[in-house]
There are 2 protein chains.
Amino acid sequence: MLYLIGLGLGDAKDITVKGLEILRACSRVYLEAYTSILTVGKEALEEYYGRELILADRETVEQEADEILRGADQTDVAFLVVGDPFGATTHSDLMLRAVKAGIQYRVIHNASIMNAVGCCGLQLYNFGEAVSIVFWTESWKPESFYDKIKRNRQSGMHTLCLLDIKVKEQTLENLMKGRKVYEPPRYMSVCQAAEQLLEIVRHKREQNEDLAISEDTVCVGLSRVGSEDQKIKAGTLRQLALVELGKPLHSLIITGHLHPMELDMLRLFAVDEQSLAALKAVDSSTFTS
Amino acid sequence: MLYLIGLGLGDAKDITVKGLEILRACSRVYLEAYTSILTVGKEALEEYYGRELILADRETVEQEADEILRGADQTDVAFLVVGDPFGATTHSDLMLRAVKAGIQYRVIHNASIMNAVGCCGLQLYNFGEAVSIVFWTESWKPESFYDKIKRNRQSGMHTLCLLDIKVKEQTLENLMKGRKVYEPPRYMSVCQAAEQLLEIVRHKREQNEDLAISEDTVCVGLSRVGSEDQKIKAGTLRQLALVELGKPLHSLIITGHLHPMELDMLRLFAVDEQSLAALKAVDSSTFTS
């Protein structure tokens, strides 16, 4: 049996009781390590789980799926995923390979950023399509996510923006020379995402395009959701470009239409008194749908 | 401290290790009991958790919030919620009251239907707004959710339909006479939801409206997601009106644009061989966006 086990979002104890019992009984335990991170490292997990964890990075999962699945028709293998196995990143590929190989699988669900963002008080069923915001480079500044945010806003929906994670990236030089030397991991902050969005707003304004968002659009920045030191800040896009949310992971929400209860909740997390007072005014003046 | 603790979706062991440790140390433990159900009852939870649980139904949470929060500034009180505390139903109201009363709160997240539906292979970030489908009566047949499904479909997005739950409903007679006698709980099945959608389709067709969905639209029915006997069936809306998914809770997904990997996953759950073969053809012929 292949067990796909979600670890939740915070630390070692965010695994479910069921997930913990199962992984402790498995013959091999893999830890998926490229799409997300917990606030604790591999060693802390190993100590708490009482098991050695085999790191499965992007290369392993895609190229060594056969090794992960080896013998899983006879024995139990666990594949641990931060968040939920079908959260922001999905593990459909591994599941499909298992099924094709005649291996049964079972999913042990957990919280993922896709549902835990509800903690800021915005209702999950008022979210439209989620988008990914990638790190811009000098020569590559994609704006495609803007159109999705626009579509959501036009329907009054909130947009969860998943922020870029660069793990095991190689410099062009190392890549060309075939050297497996990796750059330090990079995690996009809410500031960085907000800055890129502000640049898009300026750009669209220069081109006289109708704006779906502005510097005053109400946004919510979240960091380390589900952990003890999580931070939530609500304010205008301009404010969030200056807000310090600390260590990764960060997420950003662009709000759509705000219901009174949602607004009451966001006030708990307002960047400052002024933005707190402004939240309502800003919403009704800039939201056009 | 007020702890809002998600229980996940299956049985007693779907709570997180952290959640279990916290609730065992709380002075009072409430179980929210009106929006969702686990596959096990209150007694099984009490036995496993080793704690007496105070049932908090809709009346208690809304009318007796003060009682729930009583003393939570001095002692620890746990409020258990099936799924995640901020899943399909939110507990913003209780949180806001806590904050107003100067009581600290903490959320222990877990899986909810809002993210666990990913297990059918449809990508969570391809979902638009979620909708609720309510039980129709002879005289009340709201169709408003259809417009949301339409909007999602036009953008290529999937739609998660949360199906109605009627718990502690009173007959008109009992209500008028002030008798607190309640009807047996009712949970909408995927069949019933599909039937109502088919009736809307017929209705719209009679009125010569453009159809956002048809009898052949690919849908996914799910029951008891996250439990050992969960069922997933993919097929046309017409097929799902005939599919038997057993005990509650059920959920229905109306697909939007299907990516190849999503299609591969849905084939694992196809109602029959024909629908399996038809899935691809159906999708490309009926999906118009």
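Rings of Phe, Tyr and Trp (its six-membered ring) count as a pair if their centres lie within 6.5 Å. By that rule, this structure holds two aromatic pairs over all chains. The structure is a predicted model, and the exercises below walk you through some of its features.

## Exercise 1. Two copies

**Task.** Work out how chain B is related to chain A, and through which surface the copies meet.

**Solution.** 
1. Begin with the general idea: two copies of a chain are related by a rotation about an axis and a shift along it.
2. Now look at the interface. Of the interface residues of chain B, 100% are also interface residues in chain A, so the copies meet through the same surface.

## Exercise 2. A buried asparagine

**Task.** Find B:Asn115 and decide whether it is buried or exposed, then list what it touches.

**Solution.** 
1. Go to helix 6 of chain B, residues 113-116, where B:Asn115 is found.
2. Buried means under 20% relative accessible area. B:Asn115 has 0% relative accessibility, so it counts as buried.
3. Follow its side chain: it reaches the backbone nitrogen of B:Ser112 at 3.0 Å.
4. Leaving out residues up to four places away in sequence, B:Asn115 touches A:Asp84, A:Phe86, A:Asn110, A:Ala111, A:Ser112, A:Met114 and A:Asn115 from chain A, along with B:Leu124.

## Exercise 3. The nonpolar cores

**Task.** Which residues of the largest nonpolar core touch the most other members?

**Solution.** 
1. The largest nonpolar core has 90 residues.
2. Within this core, A:Phe79 and B:Phe79 touch the most other members.
3. Take B:Phe79 and set aside its neighbours within four places in sequence. Its contacts include B:Leu2, B:Tyr3, B:Leu4, B:Ile5, B:Tyr30, B:Val61, B:Ile68 and B:Leu94.
4. Apart from this core lies another, of 40 residues, among them A:Ala12, A:Val17, A:Leu23 and B:Val82.

## Exercise 4. A leucine in helix 1

**Task.** Describe the surroundings of B:Leu23.

**Solution.** 
1. Locate B:Leu23 in helix 1 of chain B, residues 17-24.
2. Its relative accessible area is 0%, so B:Leu23 is buried.
3. Not counting residues up to four places away in sequence, B:Leu23 touches B:Ile5, B:Ile15, B:Val29, B:Tyr49, B:Arg51, B:Ala78 and B:Leu80.
4. Pick out B:Leu80 from that list. B:Leu23 and B:Leu80 are 57 residues apart along the chain, and their C-alpha atoms are separated by 8.6 Å.

## Exercise 5. Loops and backbone angles

**Task.** Decide for A:Asn208 and A:Arg224 whether each is buried or exposed.

**Solution.** 
1. A:Asn208 is found in the loop between helix 9 and strand 10 of chain A. Its phi is near 55 degrees, a positive value in a residue other than glycine.
2. Exposed means over 50%. With 70% relative accessibility, A:Asn208 counts as exposed.
3. A:Arg224 lies in the loop between strand 10 and strand 11 (231-236) of chain A. Its phi, near 50 degrees, is positive too.
4. With a relative accessible area of 7%, A:Arg224 is buried.

## Exercise 6. Charges over rings and cis bonds

**Solution.** 
1. In chain A, A:Arg186 lies over the face of A:Phe135, at 4.3 Å from the ring centre.
2. In chain B, the charged end of B:Arg186 sits over the ring of B:Phe135, 4.3 Å from its centre.
3. The peptide bond from A:Pro248 to A:Leu249 is cis, with omega near -5 degrees.
4. A:Leu249 has its place in the loop between helix 10 (237-240) and strand 12 (250-254) of chain A.

Conventions: Residues numbered from 1 in each chain as written. Chains lettered and ligands numbered in written order. Predicted model: local features only at pLDDT ≥ 70, side-chain atom pairs only at ≥ 80, totals over all residues. Heavy atoms only, no water. Core = buried A, V, L, I, M, F, W, Y, C linked by side-chain atoms within 4.5 Å. Buried < 20%, exposed > 50% of the residue type's maximum accessible area, 1.4 Å probe, protein only. Contact = heavy atoms within 4.5 Å. Phe/Tyr/Trp six-rings, centres within 6.5 Å; stacked < 30°, edge-to-face > 60°. Lys NZ or Arg CZ within 6 Å of the ring centre and 35° of its normal. Least-squares fit on C-alpha atoms with pLDDT ≥ 70 in both. Helix = DSSP H or I, 4+ residues; strand = E, 2+ residues; numbered from the N terminus. Polar contact = N/O pair within 3.5 Å; in protein donor to acceptor, adjacent residues only side chain to side chain.
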